[in-house]
Amino acid sequence: MVTARRAGQDRVPPHPDPAEISLQQVLEALVDPVRRQIVRELHAAGEDLRCGVIDLPVSKSTATHHFNVLREAGLIRQYYVGTSRMNALRRDEVERAFPGLLALVAADTPSGALLSGVGRSV
């Protein structure tokens with residue numbers, strides 16, 4: 001017989017080890033404005049949030065895709081509380097690997113004005 005705790009653990013999706021998180025995959029995940037919005041909102045909340053709490057301008061299935069991309073890139077950790085999928089920003093791990101990156105994303109505007117100018121000479 002499977003216990004409730006064991007059944008809940010089976011539902012936790014796989015997450016990359018912090019040593020396996022690559023800058024390329026993180027930047028590819030953050031190129032999309034919807035995914036940057038998710039990271040900004042998790043950063044601002046300071047706590048784990050359910051998927052449905054973040055108001056996104058996309059369908060539920062597309063939002064699921066965006067959360068999966070962020071998880072696979074190592075930016076968020078997902079787990080279940082009852083039937084709710086929770087999302088936690090992997091602050092400490094990302095900060096150790098890429099110092100200052102989350103602060104830059106958190107300071108970005110919804111239009112991407114801050115990040116769109118990164119790397120351009122004036």
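This note goes through the fold, the sheet, the helix packing and the core of a predicted model.

1. Basis. The model is predicted: local features need pLDDT of at least 70, side-chain atom pairs count only at pLDDT 80 or more, and totals for chains, interfaces and linings use all residues. Numbering starts from 1 along each chain as its sequence is written, and side-chain values use heavy atoms, with hydrogens and water left out.

2. Overall make-up. The protein chain has 7 helices and 3 strands. Helices here are DSSP runs of H or I with at least four residues; strands are runs of E with at least two; both are numbered from the N terminus. Read from that end, the order is α-α-α-β-α-β-β-α-α-α.

3. Burial and surface. Of the 122 residues in the protein chain, 34% are buried. Buried means under 20% relative accessible area, exposed over 50%, partly exposed in between (1.4 Å probe, protein chains only). The chain exposes about 7400 Å², by the Shrake-Rupley method with a 1.4 Å probe. Carbon and sulfur atoms supply 54% of that area.

4. Contact range. Residues 24 or more positions apart account for 60% of them.

5. The sheet. Three strands form an open sheet in the order β1-β3-β2, with antiparallel pairing. Two strands pair if DSSP finds at least two bridges between them. The edge strands are β1 (49-50) and β2 (76-81), each pairing on one side only.

6. Strand partners. 2 bridges join β1 to β3 (residues 84-89). In β3, L49 has N87 as its bridge partner, and R50 has M86. Between β2 and β3 there are 6 bridges. I76 stands opposite L89. The β2-β3 hairpin has 2 residues between the strands, and G82 takes a positive phi near 65 degrees.

7. Helices on the sheet. α3 lies across β1, β2 and β3, at about 80 degrees to β3. α4 also packs on the sheet, touching β2 and β3. The direction of α4 makes about 120 degrees with that of β2. Axes are lines fitted to C-alpha atoms, for helices over the stretch in contact; angles run from 0 to 180 degrees between N-to-C directions.

8. Helix α2. Which residues of α2 (residues 23-30) are buried? They are V26, A29 and L30. They cover an arc of only 95 degrees around the axis, so they sit on the same side of α2. The arc is that of the directions from the helix axis to the C-beta atoms. These buried residues pack against α3 (33-45), α4 (60-72) and α6 (101-107).

9. The core. The largest nonpolar core has 24 residues, of which I38 and L75 touch the most other members. Such a core is a set of buried Ala, Val, Leu, Ile, Met, Phe, Trp, Tyr and Cys residues joined through side-chain atoms within 4.5 Å. α2, α3, α4 and α6 each supply at least two of its residues. Beyond its neighbours within four places in sequence, I38 is in contact with I54, L56, H66, F67 and L70.

Definitions and conventions
Contact means heavy atoms within 4.5 Å.
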